[in-house]
Amino acid sequence: MSEQELRIDGATRIYGILGHPVRSSLSPAMHNAAFRALGINAAYVPFPVSPEHFPEVVRALLLAGVSGFNLTVPHKIAILPLLADITPEARAIGAVNTVRCENGSMAATNTDAEGFRLSLERDLAWQPAGKRVLLLGAGGAARAIAFSLLQAGLGELGIANRTPARAEALAADCRLAQAGAKGPAQPGTTVGALELGATAGWAPDLLVNATSVGMGDGKNPVELVGLKVREAVLDIVYTPAETPLLAEAARLGLARANGLGMLLYQGSLAFRFWTGQEAPLAVMRAALEGGLEARKG
Ligand code: ATR
C-alpha cells in the first residue's frame, strides 16, 4: 500500500480529538496514517479542551467547519446535552466517542462497545454467549463494555469498582436497558455489582479490566489467582503492552489481550462513520505500534 504525503490545502477536511489531557493520544497517528493510505484529503489533530470551555469549543468547531471529532476523558458524557442526533446504542451507553459534523449539525455514536466486541472476537476468539464475566471499573469505558456484553447474550455480568456506588449505578442502568427502557440490550443476563474485596473465588470465564490500574503503576487491580479466572483476561490498558495483570494471566496459562485492539477497532469504526469507507486496519495498527514505540525512545 503506497502512503501519500500529508498535504494541507483549502479543501482539507479537519478531524480531531477533544480531551483533557490529550497529549498522549495515539489517535492522531492512527487516523492520519489511514487518511494518507487511502488518499483522503483530511487531517486529524489534537484539541486540548478543559471541561469549563467544552460547550463553547464544540460550537466553535462546528462553526469553523470541522468535519468530525472523537471525544476522550473527560468529555464523553459532557457532550450528550449538546446533541440532537445520537444513535440508540450511544444513548443506551450514556456516552459518545465519535461525532460527525455536516451542514452545521452533529450526528453522534459510540464505537467503543463495538470496538470491544471486535477485540474479543479477533484478539481472543472469545464468545460471550452464556458466559460469566467480571468487569472491573464503572467509568466511560466500562459502560461501553458492559453494554457490548449485554448485546451479545452474556449469561452473567458482575461489576466491581473502587467506588461501589458507581458499580451499582452501572448495574442498575444495565438492568434498565434490558427491560427495554433505555435502548438495545438482550434480556437474560444476570447483572450485579459486587465489592472489589469480595471477588475471591468468583470464577468468571473472562475478566475485563476497565480501570486505569496497571498503566505504568506496576499494580494489579485484582489478584487473578484468588479470583480463579477460567478462560481469558482482557486489559484495556496498553501501556505497558504487558501489564502486571496480563503477566499474571500468562503465568496462569490464560488467553489474554491488552487494550490496543479495542483502540484500533473503535478507531476503524469512527473512520467508517466519518468517511463511509472501510478503514485500512493494517496501516492503523502499524501507526499505533509505531506511536507506542516512539514513546519508549
Ligand atoms: P474511562 O472513561 O477511561 O473509563 P473514568 O470514567 O475516569 O475513565 O473511569 C476510570 C475507572 O478507573 C473508574 O472505574 C475508576 O474508579 P472510581 O469510579 O472509583 O473512580 C477506576 N480507577 C482509576 N484509578 C483507580 C485506582 N487507583 N484504583 C482503583 N480504581 C481506579
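Author: Start with an open sheet of six strands, ordered 2-1-3-5-6-4 with mixed pairing. Two strands pair if DSSP finds at least two bridges between them. Strands (E, at least two residues) and helices (H or I, at least four) are DSSP runs, numbered from the N terminus.

Reader: Which strands stand at the edges of it?

Author: Strand 2 (42-48) and strand 4 (85-86). Each has a single partner strand, so one side of each is left without a neighbour in the sheet.

Reader: Before I go on, what kind of model is this?

Author: This is a predicted model: local features need pLDDT of at least 70, side-chain atom pairs count only at pLDDT 80 or more, and totals for chains, interfaces and linings use all residues. Residues are numbered from 1 along each chain as its sequence is written, and side-chain values use heavy atoms, with hydrogens and water left out.

Reader: ok. How do strand 5 and strand 6 run?

Author: Antiparallel: five bridges join strand 5 (residues 98-102) to strand 6 (residues 105-109). The bridge partner of cysteine 101 is methionine 106 in strand 6.

Reader: And which strands does helix 9 touch?

Author: Helix 9 packs on the sheet against strand 1, strand 2, strand 3, strand 5 and strand 6. Its direction makes about 10° with that of strand 5. Contact means heavy atoms within 4.5 Å; axes are lines fitted to C-alpha atoms, for helices over the stretch in contact, and angles run from 0 to 180 degrees between N-to-C directions.

Reader: Where does helix 1 lie?

Author: Helix 1 (residues 27-38) lies across strand 1 (13-19), strand 2 and strand 3 (68-71), at about 170° to strand 2.

Reader: New topic. What is the strand order in the parallel sheet?

Author: That open sheet has six strands in the order 9-8-7-10-11-12. Its edge strands are strand 9 (190-193) and strand 12 (255-257), each pairing on one side only.

Reader: How many bridges between strand 8 and strand 9?

Author: Four, with strand 8 (residues 156-160) and strand 9 paired in the parallel sense. Glycine 158 stands opposite glycine 192 in strand 9.

Reader: Which strands does helix 8 lie across?

Author: Helix 8 (residues 244-251) lies across strand 10, strand 11 (232-235) and strand 12, running at about 165° to strand 11.

Reader: Last one. How many helices and strands in the whole chain?

Author: The protein chain has 10 helices and 12 strands. Its C-alpha atoms fill a box of roughly 60 × 45 × 30 Å, taken along the principal axes.
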